[in-house]
Amino acid sequence: MSATPAVASTRAELAALLADARAAGRPIGLVPTMGALHDGHASLMRTARERVADGPVVVSIFVNPLQFGAGEDLDRYPRMLDDDLKLCEREGVDIVFAPSVEEVYPGGDPQVSLKAGPLGKVLEGKTRPGHFRGVLTVVAKLFGLVRPDVAVFGQKDYQQLALIRRMVLDLNMAVDVVGAETVREYDGLALSSRNRYLDDEQRQQATALNRTLRAAQDVERYGADVALDAARAELRAADGVDLDYLVITDPDLGVLPDVVPPGSGARILIAARVGTTRLIDNMPLVLGEQVASREGESSCCGP
């Protein structure tokens, strides 16, 4: 049976818990989350454990107010630390860092924060202005406090993952950022802490996001235009889905060239509301080439 993880609520407690590992040169793994943990988060923890072996795995649980905009669900975002600690114990997590807002942002809203640049102004950034400023700022803080060798994020939040990788590159941060695959429920719905907001009818309606992305994958060998048309057709047949965006981009979220060589990687991304709940999802595409199998797609979540 796994040991109960040590819990740190302050920066000083976290530093003390990590001191021995740092002194011994053992690698440190970090899984940043906002809590309300589920099997998608658990898969991130397992990936972190694989990467650091006997080094400590740290899970941060912090609902970051800086990444919520006006009218978003900060107040109703689920906070369930006792249940989260049980999942962390089950997965063999060594340290849980669960700070207060005042501990992370002493003095209130930070006067110095990180700009997300051009990539932070499209897709999620266009719909949620300032969101990625909050994400990058808190992740940079966590990197500074934990000083991880490896940090694991889910591919479900693909734009977030791309921006964190860009931040690490641009700011010369010595962190290996790992993107773990999306874990899905039996009917393809991507695991998300926000799924608990859906009633039974909305839960069924939400499966349209997965079907939409799968429709694009089914015809990816015919190119991006055909794939996007197939996805749109699938979405038109769906009930209860209020679309925000549905796009195909290159793997770095840039615009695809006019001529895409066969076998080129791409990404299809969707965001929509089902009821009052906003959901996102994405999948990889290989354009202009038959793909033998996509078995084993499995993670989620982020700060």
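Modeller: Helices (H or I, at least four residues) and strands (E, at least two) are DSSP runs, numbered from the N terminus. This is a predicted model, in which local features need pLDDT of at least 70 and side-chain atom pairs count only at pLDDT 80 or more, while totals for chains, interfaces and linings use all residues. Residues are numbered from 1 along each chain as its sequence is written, and side-chain values use heavy atoms, with hydrogens and water left out.

Colleague: Which residue follows H2 with a positive phi?

Modeller: Helix H2 runs over residues 39–52 and has 14 residues. Its C-alpha span from first to last is 20 Å, close to the 20 Å expected at 1.5 Å a residue (1.5 Å times one less than its number of residues). The residue after H2 has a phi near 55°, and that residue is alanine 53.

Colleague: Is tyrosine 186 buried or exposed?

Modeller: Tyrosine 186 sits in the loop between strand S6 (176–180) and helix H8 (200–205). Buried means under 20% relative accessible area, exposed over 50%, and partly exposed in between (1.4 Å probe, protein chains only). Because its relative accessibility is 76%, tyrosine 186 counts as exposed.
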